Amino acid sequence: MKNAAYGLVLALQFLTRIPLPIACPWNADTCRWALRCYPLVGLLLGALIAVMATLLDGLLPTPLLALTLLSLWVALSGGLHLDGVMDVADALGSNTPLEKRWAIMQDSQVGSFAILALVFLLAWKGVLIWALLEAGVTPWLLVIIPALARFGSLLLLRLAPLARQEGLAWSWRLHLTRPDLVLALLPLVPLFGVVPGATVLLGALLLFLLLYGLAMVRAFTGINGDIVGAAIEGGELWLLLAAWSWWSFVTA
């Protein structure tokens, strides 16, 4: 149980900006537990966003509420995965040979495609949150979206081919097995019977991972840490779109 606690703390330290000044050992067991806790951390982020939405409901105009929730969303994660989105966008937008694309992805400089990807990603997420609030969706639907997106990153990390046997994705892949995926999903299972449309969102996530994974393998021959990080942001956007579509056209 100690390793499980260490793993949860490591996952929180890596995936969020929640201050946890606790030194945890880094080994195979704690790394494995950290990965298993990814969706659990997503649940925490989603719960904080839902609580904020509930507290501010009726106090702010819907556009300002949506922007506040998006700002909290980014602040809690520290924009960690936005960097992956920007790196992938610059590499893809360069339209250069494979090795050059890899070099661009690893370059710390920010290009025009990265800025465009960042602006449009945040704009779409903000507008979709706005649309969900306007449609009267319960804020608690937002609880499961960050959790599913982080579970999706584990699926991608475990099942998609790695481009190179080095880096963060490679080191984490070594400690991630298929049974770990089952354990990671367990905290989300109760929500499928409580949150309206949760099962639909899981299906939408699997479709996104299939399309995204195929596109990344075609473009880069495999995945790396930036691509996995971008999958979290892309997954959240896709799930917001799926939630709005389901709520607007199926439950209307």
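**Entry 1. Salt bridges: the criterion and the first pair**

I count a salt bridge where a side-chain nitrogen of Lys or Arg lies within 4 Å of a carboxyl oxygen of Asp or Glu. The model I am reading is a predicted one. I looked up D180 and R36 and found that they form such a bridge, with 2.7 Å between the closest N and O atoms. I then placed the two residues: D180 belongs to helix α10 (residues 178-185) and R36 to helix α2 (residues 28-36), so this pair ties together parts that are 144 residues apart in sequence.

I next checked the accessibility of both partners. D180 has a relative accessible area of 2% and is buried. R36, at 15% relative accessibility, also counts as buried, because the limit for that class is under 20%.

**Entry 2. K125 and its partners**

Which residues does K125 pair with? I found a salt bridge to E233, where the closest N and O atoms are 3.1 Å apart. K125 sits in helix α7 and E233 in helix α12, so the pair ties together parts that are 108 residues apart in sequence. I also found a salt bridge from K125 to E236, with the closest N and O atoms 2.7 Å apart. This pair, too, links distant parts of the chain, as K125 is in helix α7 and E236 in helix α12, 111 residues apart.

Are these residues buried or exposed? K125 counts as buried at 2% relative accessibility, and E233 counts as buried at 5%. I noted E236 as buried along with K125.

**Entry 3. Total and network**

How many salt bridges does the structure hold? I recorded 7. Returning to K125 and E236, whose closest N and O atoms are 2.7 Å apart, I then asked which residues are joined through shared partners elsewhere.

**Entry 4. Helices α11 and α12**

Two packed helices are described by the angle between their axes and the distance between the axes. For α11 and α12, I found that the axes come within 9 Å and cross at roughly 140 degrees. The two helices are therefore oblique to each other; I noted that the class of roughly antiparallel begins over 145 degrees. The crossing in which α11 passes α12 is right-handed.

I looked at T221, which is found in the loop between α11 (198-220) and α12 (225-249). Phi of T221 is near 70 degrees, a positive value in a residue other than glycine. T221 is partly exposed, with a relative accessible area of 44%.

N95 is a further entry under this heading, with a positive phi of about 55 degrees although it is not a glycine. I located N95 in the loop between α5 (82-93) and α6 (98-106). The relative accessible area of N95 is 71%, and the residue is exposed.

**Entry 5. A nonpolar surface patch**

Which residues make the nonpolar surface patch? I listed V110, F113, I115, L116, V119, F120 and W124, which together make a patch of about 710 Å². W124 is partly exposed, with a relative accessible area of 48%. Helix α7 also holds K125, which I had recorded as buried at 2% relative accessibility.

Definitions and conventions: Residues are numbered from 1 along each chain as its sequence is written. This is a predicted model: local features need pLDDT of at least 70, side-chain atom pairs count only at pLDDT 80 or more; totals for chains, interfaces and linings use all residues. Side-chain values use heavy atoms; hydrogens and water are left out. Patches are made of residues with over 30% relative accessible area and no salt bridge: like charges are joined within 9 Å, nonpolar side chains (Val, Leu, Ile, Met, Phe, Trp, Tyr) within 5 Å. Accessible areas come from the Shrake-Rupley method with a 1.4 Å probe; for residues, only the protein chains shown count as cover. Buried means under 20% relative accessible area, exposed over 50%, partly exposed in between (1.4 Å probe, protein chains only). Helices (H or I, at least four residues) and strands (E, at least two) are DSSP runs, numbered from the N terminus. Axes are lines fitted to C-alpha atoms, for helices over the stretch in contact, and angles run from 0 to 180 degrees between N-to-C directions. Angles under 35 degrees count as roughly parallel, over 145 as roughly antiparallel, 65 to 115 as roughly perpendicular and the rest as oblique. A crossing is left-handed if the near helix is turned anticlockwise from the far one by less than a right angle, and right-handed if clockwise.
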